[in-house]
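Please read these notes with the structure open beside you.

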Amino acid sequence: MLVDLAAVDRVKLAPEGGGTIRALSRIGYDLPEALADLIDNSIDANARRVEITFLRNDTQITSVLIADDGGGMNADGLKLGMQFAGRIDHEADDLGTFGLGLKSASFSQCETLTVVSRRGGETVAARWSVEEIDKGWTCEILDPRGAAVAFTENCLRGKAPATGTLVVWDRLTRLGVGGGDDDLDTFLSTTLARLETHLGLVFHRFLEAEALTISVIVRHEKRALALPRTVRARNPFGYPCSGLKGYPKTFSADLPGVGMIDLEAHVWPSGLQADGFLLGSRAGGPFQGFYFYRNNRLIQAGGWNGVVRNDQDSDLTEARVAVELPTDRIAVNVQKSGLQVTAGQAQAFLQATSEGLSFGDYLDAARAAHLAARRAQRGPSSPPLTPGAGLPSGVRKAAVKRLAKDGPHEELDFVWGPLPADQVFDLDLTETRVILNRDHRRTILGEAPASGADAPLIKMLLFLLFRADFERLRFSAKRREQLEICNALLLDSLKK
Ligand SMILES: Nc1ncnc2c1ncn2[C@@H]1O[C@H](COP(=O)(O)OP(=O)(O)OP(=O)(O)O)[C@@H](O)[C@H]1O
Ligand SMILES: [Mg+2]
């Protein structure tokens, strides 16, 4: 609007160092993402081995070292590499884009970043610290002889490579654990498990192709022995046979501002507790949705980016869609952990087609496969249903006796929840529960107080009315109509 207003002076306003670092450290990297960003650089430098070492003493982690056997950098390359948002010419198949990852990832975790690199028989080193940045963006160039010794001693311990790079994080800001030995051990075991899952997932294509080995080591400052753990590939599409005939299917979407893009729609076999499905969680549920890859590196693991409203739709637990992103034509966030999809692009995803099928058809098919698998799991000989949570425990116990002869049974739960105004109840076949509209709770309860086991008579009646639907796990069109009538009749009776 004011682009035509005349300029009367020009002042150079360089960013203020301390503030820039504080802002960068808040960019939202977690430790696995920050390390993945450094591994991107190793891959771009054609490394075949990456070794991450956590140096510890008795109570805390003191440094993190990331070493690789890639092409390394000479003095000029290192200077450019250390520069924030340095102008680097990247190949189309590089993982690097912004000229920022090394610095932003490091300063999300530490206050001193040292890089030692060897190329063409020369070893060079440089260091950024928050203080020097604050003083005026001065990067320290370090003594090459000392750097050569440090490189030989610390880069891929056991055998320093002819070329490669060693990144060291000192004065860690996020990896602090208070207390004693036990705290650190607990912290390390959970942190390392998360780290291995994340790296195994993000780089699974490189690991499976044996183009790269990543190992993680915890080394005590005073002890020499440390056993490396090798990161295993976790392929989010690594199932033995498809959960639905005819899938995976490739859908084509015409994304505004991007062009044609392929969506490879998969359905995992139901109930398979495989590593690639669970991805470190217990249920695998959170990982439905899109898997965006850029140059074989996984950018986003799951989530529907607004294409499906609920990212954890229990009927879509097995639905995963692999998408290869065209480099440079779609925005990835700085920490390369997610994709920015506009509303228009989300619509275009939904309009994707494959041999006359729409993406919506795929979602419906995945939902139907999920319910069919649940039905098959229940089978004709499944245990009887009994009323569960939401009813008084005495009533529940008596029902187990009467309906299941105190033997095995499955419970149908009752919850008050948000529902459209014209519904008094809804049947949730997947979660085996009846949802009651909380807006009608007061009217239904009358004078009685609300509690976790309120309105037992209504709930028991609904149980008797609908248990067969839950046992069949399906509604016919006719039955659906009857349920709508039930809802309408109940609503009439509530209005008085
Ligand atoms: N391990 C490494 N081996 C060789 N060169 C490296 C290594 N790490 C960094 N570099 C050099 O430093 C440059 C800057 O790295 P940095 O991660 O900051 O930015 P980038 O990789 O260019 O882009 P992005 O911000 O997308 O990661 C790289 O482009 C590369 O030239
Ligand atoms: Mg990078």
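1. Start with Ile-21. This is a predicted model, and in it Ile-21 is buried, with a relative accessible area of 6%. The cut-off for buried is under 20%, so Ile-21 qualifies. The residue lies in helix H1, which covers residues 17–24.

2. What does Ile-21 touch, leaving aside its neighbours within four places in sequence? The contacts are Phe-84, Phe-107, Val-130 and Ile-133.

3. Next, the domains. The chain is divided into domain 1 (17–230), domain 2 (249–376) and domain 3 (380–495). Between the C-alpha centres of domain 1 and domain 3 the distance is 55 Å. A residue pair gives another view: Ile-21 and Cys-486 are 61 Å apart in space, C-alpha to C-alpha. In sequence, 465 residues separate Ile-21 from Cys-486.

4. Cys-486 belongs to helix H15 and takes part in the contact with helix H14. H14 spans residues 456–472 and H15 spans residues 477–495. The two helices pack at an angle of about 160°, and their axes are 13 Å apart. An angle over 145 degrees counts as roughly antiparallel, so H14 and H15 are roughly antiparallel to each other. The crossing of H14 past H15 is left-handed.

5. Which residues form that contact between H14 and H15? From H14 come Leu-462, Leu-465, Phe-466, Asp-469 and Arg-472. They meet Arg-479, Leu-483, Cys-486 and Leu-490 in H15. The contact of H14 with H15 divides into six nonpolar, no polar and three charged residues.

6. Now some backbone points to check. Most residues other than glycine have a negative phi, and most peptide bonds are trans.

7. The peptide bond from Tyr-247 to Pro-248 is cis, and its omega is near 5°. Where is Pro-248 placed? Pro-248 sits in the loop between strand E8 (229–230) and strand E9 (249–255).

8. Ala-85 is not a glycine, yet its phi is positive, about 55°. Ala-85 lies in the loop between helix H3 (75–82) and helix H4 (101–107). Buried, partly exposed or exposed: which applies to Ala-85? Ala-85 counts as partly exposed, at 48% relative accessibility.

9. Arg-171 also has a positive phi, near 50°, in a residue other than glycine. Arg-171 is found in strand E6, residues 164–172. With a relative accessible area of 35%, Arg-171 is partly exposed.

Note on methods. Residues numbered from 1 in each chain as written. Chains lettered and ligands numbered in written order. Predicted model: local features only at pLDDT ≥ 70, side-chain atom pairs only at ≥ 80, totals over all residues. Heavy atoms only, no water. Axes fitted to C-alpha atoms, helices over the stretch in contact; angles between N-to-C directions. Helix = DSSP H or I, 4+ residues; strand = E, 2+ residues; numbered from the N terminus. Parallel < 35°, antiparallel > 145°, perpendicular 65-115°, else oblique. Left-handed = near helix turned anticlockwise from the far one by under 90°. Contact = heavy atoms within 4.5 Å. Nonpolar A, V, L, I, M, F, W, Y, C, P; charged D, E, K, R; others polar. Buried < 20%, exposed > 50% of the residue type's maximum accessible area, 1.4 Å probe, protein only. Domains from an automatic or database assignment.
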